[in-house]
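Open the structure in your viewer and keep the selection tool ready.

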Amino acid sequence: MNDDQLLRYSRHILLDEFGIEGQERLLAGHALVIGAGGLGTAALPYLASAGVGTITVVDDDEVDLTNLQRQILHTTASVGRPKVESAREGMLRINPGIAVRTVARRVEDQALHELVEGADVVLDCCDNFATRHAVNRACVAHRVPLVSGAALRFDGQVSVFDARRDDAPCYACLFPPSEQAPEAACATMGVLAPLVGMVGTVQAAEALKVLTGVGETLAGKLLMVNALTMEWTTMRLARTPGCEVCGGRH
């Protein structure tokens with residue numbers, strides 16, 4: 001690291017568990033973020049400010065006026081622009097010393113697998129089960145840790161599905177793809193604005209721990225928050241032996 005980096009990241013370096021080695025791991029790391037909406041725009045500023053060296057942002061949507069209640073990287077001037085470009089500009093204003101790659105389209109199949117294979121950690125910040133399951137399958141296939149978050153109305157949840165660990169469950173262990181889950185969106189059901197920030201920043205913190213090896217992640221646990229009562233609950237997750245996605249992993 002150069003002198004400017006030593007100053008910029010000094011508060012990380014002061015942490016005994018982190019130090020220069022941990023910051024260097026962040027600078028060498030690559031985070032793939034699926035979604036630049038509420039969760040993504042809460043996680044992305046902290047990934048950028050923390051010094052994750054390469055961040056790839058994937059989203060095929062454009063900024064809409066209704067997004068601005070909670071999607072904090074986007075501004076009124078961004079309305080009508082691709083979310084990935086708006087997010088990229090905001091991240092580079094925070095930290096111009098990182099590389100931000102953007103993919104302004106929906107990625108599936110081989111393209112998704114290629115993106116996941118090239119990442120050190122994946123943050124699922126999307127808003128639909130089909131994409132979540134596709135991302136999970138790719139992460140299991142390439143043994144890339146997945147930090148998953150969701151927020152709707154007043155309820156949020158975060159977990160880490162670490163396919164590097166043979167005993168760790170995957171997203172499909174919690175939500176089997178064969179079981180039809182009702183799709184619910186904040187466009188029809190609403191969401192408390194700070195809730196997506198709470199969940200997204202926890203996702204960012206978990207991603208930093210994955211990249212540095214510092215602390216204990218939420219692998220094997222589901223962290224839930226109810227913003228009406230401000231109660232946080234942790235539930236243990238077990239791997240499903242017959243899981244249709246990770247059941248054949250050894």
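Predicted model: local features only at pLDDT ≥ 70, side-chain atom pairs only at ≥ 80, totals over all residues.

**Stop one: H4 and H10.** Two packed helices are described by the angle between their axes and the distance between the axes. Select residues 38-50 for helix H4, then residues 193-212 for helix H10. Their axes come within 7 Å and cross at roughly 40°. H4 is therefore oblique to H10. The crossing is right-handed. Now show side chains. On H4, the contact residues include Gly38, Ala42, Tyr46 and Ala50. On H10, look for Val196, Gly200, Ala204 and Leu208, among others. Colour this contact by class: 11 residues are nonpolar, 5 are polar and none is charged.

**Stop two: Thr212.** Stay on H10 and select Thr212, which belongs to this helix. Is Thr212 buried or exposed? Thr212 counts as buried because its relative accessible area is 5%, under the 20% cut-off. Which residues beyond its neighbours within four places in sequence does Thr212 contact? They are Phe18, Gly22, Arg25 and Leu26. Next, pick Val214. Its backbone nitrogen lies 3.2 Å from a polar atom of the Thr212 side chain.

**Stop three: H6 and H7.** Select residues 109-117 for helix H6 and residues 129-142 for helix H7. The axes come within 9 Å and cross at roughly 50°. So H6 is oblique to H7. H6 passes H7 in a right-handed crossing. From H6, show Leu112, His113, Val116 and Glu117. They meet H7 residues including Ala134, Arg137, Ala138 and His142. Colour by class again: this contact has 7 nonpolar, 2 polar and 2 charged residues.

Note on methods. Residues numbered from 1 in each chain as written. Heavy atoms only, no water. Axes fitted to C-alpha atoms, helices over the stretch in contact; angles between N-to-C directions. Helix = DSSP H or I, 4+ residues; strand = E, 2+ residues; numbered from the N terminus. Parallel < 35°, antiparallel > 145°, perpendicular 65-115°, else oblique. Left-handed = near helix turned anticlockwise from the far one by under 90°. Contact = heavy atoms within 4.5 Å. Nonpolar A, V, L, I, M, F, W, Y, C, P; charged D, E, K, R; others polar. Buried < 20%, exposed > 50% of the residue type's maximum accessible area, 1.4 Å probe, protein only. Polar contact = N/O pair within 3.5 Å; in protein donor to acceptor, adjacent residues only side chain to side chain.
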